[in-house]
Amino acid sequence: MAVRMLVACVLMGTLLQQVWSSAEPHNNEEELHPQVLSPWRGQYKGMVRVKRDWIIPPIRVSENSKQVPEALVQIKSDKIFTGEVIYKLEGPGVDQDPKNLFEIDDKTGVIRSKRPLDREKYNSFTLKAFALSPSGERLENPTTIEIVVLDQNDNRPAFSKSQFVGSVSEFSIPGTSVMSVSATDADDPMTENAALSYFIIGQESIPANAITKKMFGINNQTGAIYTRDVGLDREVVKSFRLKLQVADMGGMGLTSEGVAIIHVSDINNHAPQFSPATYSMTAEENKNDYEIGRVNVTDRDDQGTRNWEAKYSISNDPHSHFAIRTDPDTNQGVLTVLEPLDYEVQSEHILILTVENVNPLSNKAPNLPLSTATVVITVVNENEAPHFREDPIQIVVPESVLPGTLLQTNIAFDPDNSDLRYEISRDPDRWLDINKDTGDISARRSFNMRSPHVKNNIYTAVVKVIDAGGVSTTATVAIILTETNDFPPHLFPLSGSVCRGASRTRSGLVLTAVDEDLSPHAAPFFFEISDDLSVNWTIIQVNDTHAVLQPLVELEAGEYAVTVLVSDSGSPVLDAYAQVNVTVCPCDSFGDCKSEAGALLGSSVGISFIALVIIMASITLLLLLLLLAVAMTTCGRRHHIKKGTGLLVGESEDDIRDNVFNYDEQGGGEEDENAFNIDLLWNPHDAPGTPGPFYPGAGVPRGKQPLRKDAPHDLPSPTYPRRPPTDPTDIEDYINDGLEAADNDPNVPPYDTALIYDYEGDGSLAGSLSSIASCSSDGDQDYDYLNNWGPRFQKLANMYDPR
């Protein structure tokens, strides 16, 4: 065989050399350089070299050959010379991995295989062959030798999986595709050695022997498995186990076996059914969101699938008191209470339940109506707490509501229709009464908007209701007070001064009002004067709360009483009259009243300095008069001054007129209405506590004075008026200012206590002041100067008028 291949190769090589010689290009290296120096040039005279390339077809070698070493091909150089040629071979299988598979005889050029070849590992080799001179010079260009390993059927086919798993729906028709199986063969796929065929060689049903006829077939070429008969029912057979076989050589060669598991999948061909169809349950009153019972269903479909899962519904629950859900583990219907049940309203509920699957029924299922069940629910009564009809109980009422007024009725009820008892749990101002049997709320006393317990016009109380079983409930009572016009406005101030001769647009007394009511029953205020005073006076509204009282004509200096009517904006409107004492006087540059002497002096001398001079002069004159009175008493005479013969009229030393003016409520006790207290003549420049004949409590230790109950103790005294009157007409204002300061002084005795003065003793040598004039003369005296002292001394002047 080796000889035949060698001869064939030589003949083929000779033929190809002729073809190559005619087709060889003539631009090779030797033709460009005809004279080539070679070591064997002198020995090979007349040698002509013709360049040719080798073209060798692939060499086919069978795998697994037992004849090794085996000659595959012989190569030979086509050069014409008589010298020695050395052949070399290199490439995979020679000097590259896998090594030592091939070799070449360097003398003859024969290529041999050294070991059996495996096509599944290496299906071909590409080698290069060289022709060299003994000196290593290349005599030929290297040529490529392709060795192809021929396949033998030395590998069995194998299934790609040890077990194939598929499924098919029950009641599938014949020809329904189920699954596909596959196998591989390591032999050459282009040969029959890898041509595979599939077969089903066995069938087992689970449960065993449930079905004995052949239910499945397989495509021999593709391995697709399909149904071939009817009768797949999941309730009868759950799955099949098929024994498979695959063979190469078109089914005639080597074989292997495999397994396919086919599960019969469920379709929803069974509707769920209640079991049993009637249930009795109990539910507690006034509870919600809890389970009261469960219902059961049966379903022959595959458990755990949506064909088996039940879906429940309630067909007759108009008030949505109940709900039902599905337990995913047991498929039971869980019935719960959503809204609290009321035994007094309905003591028993009858529910109709229906059930169906989550998945719709298959068209292969029997056409039956939905399964239903009846559930009778009995409500268990319990003692419920009473209920208020509203919480908080809002009552809108005017603050001037009369005691005993009914404010609210029918405030609570008991679901169990038991007797109720009512009480007030919290009422900080004790304004409310509640009937313990009926719960009627009424006003116990008048309300006061200014109570500290009224916040944002709302007074809050708490009432409690208790049923016969002792169960109680509380609720808040919110009394919303509305303002009423309860108080008339009060004018302020009630006295003041107006500059004489000033422009009427600038001169006036600003008046306002104070109202204990709140809006809208207070401001704006409206001011009016009586008609008989409108000739000389007018009142001008400035804004909602103030007005200006102004004279219309030039008035003489003096005091005027103006009656002003002030009214509020309430409903109904309330008003009040007030007398405003207005002093019309000449004013200085500061707008303050001044005396005629001060007016003459002008503003160059400060008013404080003028007042100080007048006060010092008055004190000096008083001291002189006292000294004179003491001196005159030493004469030991008692004088009876007749009318027109002295300063004061008196029948004896006890007939001393120590009151010149008659005022109302200007000191003294509450019963003293015809005299003013002599403490009004107290000098405001004397500090409290200074002993003197005109200071209240002089001669009495400070700690033993009566304490005032209408003012805190040890507070600073108010500022007493320090400007003495420079005009006789200002004496009343001066006295009133001192009285007001004394009344507000917390460090002096109260106005209604007995006033204590320094006691000078009986039978004083000084005697009466009326004896001062009689010490010098018993003659008539002229009292006309009293007429010049103003209207306040007019009465005194009339008393001594000689006429």
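This is a predicted model: local features need pLDDT of at least 70, side-chain atom pairs count only at pLDDT 80 or more; totals for chains, interfaces and linings use all residues.
Residues are numbered from 1 along each chain as its sequence is written, and side-chain values use heavy atoms, with hydrogens and water left out.

The secondary structure of the protein chain comes to seven helices and 43 strands, where helices (H or I, at least four residues) and strands (E, at least two) are DSSP runs numbered from the N terminus. Of the 803 residues in the protein chain, 37% are buried; buried means under 20% relative accessible area, exposed means over 50%, and partly exposed lies in between, with a 1.4 Å probe and protein chains only. The protein chain exposes about 45,800 Å², of which carbon and sulfur atoms supply 53%, the areas coming from the Shrake-Rupley method with a 1.4 Å probe. Among the contacts in the protein chain with a separation of 6 or more, 66% are between residues 24 or more positions apart, and contact means heavy atoms within 4.5 Å.

Strands of a sheet pair through backbone hydrogen bonds, either parallel or antiparallel. Here two strands are taken to pair if DSSP finds at least two bridges between them.

S12 and S15, by contrast, pair in the antiparallel sense over nine bridges, and glutamine 203 has leucine 242 in S15 as its bridge partner. Serine 239 lies in strand S15 (residues 239-247) and is buried, with a relative accessible area of 5%. Leaving aside neighbours within four places in sequence, serine 239 is in contact with Glu204, Ser205, Ile206, Ile262, His263 and Val264.

Another open sheet is formed by three strands in the order S19-S23-S22, with antiparallel pairing. Its edge strands are strand S19 (290-295) and strand S22 (322-326), each of which pairs on one side only, and the twist averages 30° from one strand to the next. Five bridges join S22 to strand S23 (residues 333-337), and these two run antiparallel; arginine 325 stands opposite valine 334 in S23.

The structure also holds nine aromatic pairs. Rings of Phe, Tyr and Trp (its six-membered ring) pair if their centres lie within 6.5 Å, and planes under 30 degrees apart count as stacked, over 60 as edge-to-face and the rest as tilted. Tyrosine 122 and phenylalanine 125 form a tilted pair, 5.9 Å centre to centre with 40° between the planes. In this pair tyrosine 122 is partly exposed, with a relative accessible area of 40%, while phenylalanine 125 counts as buried at 4% relative accessibility. The rings of phenylalanine 274 and tyrosine 312 have their centres 6.0 Å apart and their planes at 50°, so this pair is tilted. Because phenylalanine 274 lies in strand S17 (residues 273-274) and tyrosine 312 in strand S21 (residues 310-314), the pair ties together parts that are 38 residues apart in sequence. Ring pairs also link Phe102, Tyr122 and Phe125 into a cluster.

Phe125 leads on to isoleucine 145, with which it is in contact. Isoleucine 145 is found in strand S7 (residues 143-150) and is buried, with a relative accessible area of 0%. The C-alpha atoms of isoleucine 145 and phenylalanine 125 are separated by 8.2 Å, and the two residues are 20 residues apart along the chain.

Key: Axes are lines fitted to C-alpha atoms, for helices over the stretch in contact, and angles run from 0 to 180 degrees between N-to-C directions.
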